[in-house]
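Take a moment to look over the structure shown here. We will walk through it together, a piece at a time.

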Amino acid sequence: MTYLRTVWLHLRKDLRLEWRSRDAIAGMLFFTLLVTVVFAMAFDPTGFPTLARQMSGGLLWVGLLFAATTALNTSWERERRNQVLDAHRMSASPASALFLGKALANLIFVSVIELALAPVFTVFYNLHPLGEVRWLLLILPLGTWAIVVNGTFFAALGLSSRNRELMLPAVLFPISIPALLGVVQATTGVITGDFEPQLWIRMLLGFDVIFTTACILLFPTVLHAE
Amino acid sequence: MKRLFWILCAFSLALLGIGFYEAVFVAPVEATMGPVYRIFYWHVPINISAEVFPYVNMVASIAYLYFRRTKVELAGKLDALAIATAEVTVLYVGLGLATGMLWGRPVWGIWWAWDARLTSFLMLFLLYVSYLLVRRFSDGSQSAVVAAVLSVFAGIDVPIVFMSIRWWRTQHPAPVLTGEGSLDSSMWPAFLWNMAAWFFWGVALVWGRYAVVRREQVAAEQTALQALEV
């Protein structure tokens, strides 16, 4: 119970910090909006509704992935100010609680973006999903968690590196390829209605469980790397 | 040890020569593809060897994480082995992809297909390039730990990549060595010579790179020690 309490304290701290500055959410929101607009210029979504259905799943997740990487880098930046990270290293509380709290906070931030973006996407791309839309309630959180859990971990991994802005995507994208494939396929399956997304949802679930475990087990090593 | 290294180099170079001779002059021409099929004698051996070195890298990385506080000397050696195998992995997977594309163009008519094997091999390439990037960008004291953690993640990722992409799509032929369309007996010698040649050449490369990294580590330790003493 003390572990869960520590996670909750970290989560509350991150939420409060974000509430005061609103840096991450505002940045991500505008960024994804711009990505949506730029992609709409690359092809005509209203003229080709079938093509729009086939592509919008991929576009949505590419936009979210890029936006999430910008927010993930800043999420650890907060801990570097005033040597807070050194305090975390010396603290007696389990290191993985810090990680889980931050990953959950990032999950909430990216989910807020998704909620704001879903209507924009539907309007701009003139989407009429042909599959079972309720699956998205499962696909969106699972896919977001897959990006966020690895992203939070690798952002911490790159804390001491010289080229942090580049290192996070360079490491996160190759590792997350299976999750991206799964989430894009599942979303496309729901929007086009051509195939059932269950296989990909199971795959995402497996990915999430395996990598959450790996992150929690290895985070103390990363935090105390020196 | 030094002499043994040069013997291994000479041995694997000789094997490469024999393999080249067997593949180009001795092995018969394949029925449907014609002479272009001879890329097979490099493509398959290189790719099989390319799948061995990542495992060595992952085992060395896990052992490094385990021993890094207790046995510093051994940990340094393991880290050097991890660097050497990662670099040879990138080289071999790159060669495997290149020979595959050269073969795919005349036989399939396209340079690249987003099929299960090709895509998962490309992912292996990307994972290890990112591993080398991390090593380059990280701070000296942390880079070994960070890279070892990444290697463990890559090791977890590879089977998931393979499964997920197999569900996605497949075009590459099933393994010809164990599958139905088996290799003709007259083609085995050339294949086996090249298999041995590329494996030993890879081992020689790992060994040479390992020796260089070990010397760099020792030099860095000595500089640090001198700085303390002055």
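The crossing of helix 3 and helix 5 in chain A is right-handed. The helices themselves are DSSP runs (H or I, at least four residues), numbered from the N terminus, and strands are E runs of at least two. What you are viewing is a predicted model, in which local features need pLDDT of at least 70 and side-chain atom pairs count only at pLDDT 80 or more, while totals for chains, interfaces and linings use all residues. Residues are numbered from 1 along each chain as its sequence is written, and chains are lettered from A and ligands numbered from 1 in the order in which they are written.

Two packed helices are described by the angle between their axes and the distance between the axes. Here, helix 3 (residues 49-80) and helix 5 (residues 95-124) of chain A pack at an angle of about 145°, and their axes are 10 Å apart. These axes are lines fitted to C-alpha atoms over the stretch in contact, and angles run from 0 to 180 degrees between N-to-C directions.

Which residues meet where helix 3 and helix 5 of chain A touch? From helix 3 of chain A come residues including Leu60(A), Leu64(A) and Ala68(A), and among their partners in helix 5 of chain A are Phe109(A), Val110(A) and Ile113(A). Being in contact is a matter of C-beta atoms, placed from the backbone, lying within 7 Å. Sorted by class, the contact between these two helices has ten nonpolar, three polar and two charged residues. In this sorting, Ala, Val, Leu, Ile, Met, Phe, Trp, Tyr, Cys and Pro are nonpolar, Asp, Glu, Lys and Arg are charged, and the others, Gly among them, are polar.

Now go back to helix 1 (residues 2-21) of chain A, with its 20 residues. From first C-alpha to last it reaches 29 Å, close to the 28 Å expected at 1.5 Å a residue; that expected span is 1.5 Å times one less than the number of residues. Its buried residues are Val7(A), His10(A), Asp14(A) and Glu18(A). Buried means that 20 or more other C-beta atoms lie within 10 Å of a residue's own, exposed means 12 or fewer, and partly exposed is in between, with C-beta atoms placed from the backbone. Seen down the axis of helix 1 of chain A, the buried residues fall within an arc of 70°, so they line one face of the helix. The arc is that of the directions from the helix axis to the C-beta atoms. Helix 2 (23-42) and helix 5 of chain A are among what covers these buried residues. On the other side of helix 1 of chain A, the exposed residues include Thr2(A), Arg5(A) and Trp19(A).

Arg22(A) has a positive phi of about 55° although it is not a glycine. Asn82(A), in the loop between helix 3 and helix 4 (84-90) of chain A, also has a positive phi of about 55° without being a glycine.

Finally, turn to chain B, which has six helices and zero strands. Of its 230 residues, 35% count as buried. In chain B, 25 residues are in contact with 24 residues of chain A. Helix 5 of chain B gives the most to this side, with 15 residues.

How values were computed
A crossing is left-handed if the near helix is turned anticlockwise from the far one by less than a right angle, and right-handed if clockwise. Two residues are in contact if their C-beta atoms, placed from the backbone, lie within 7 Å.
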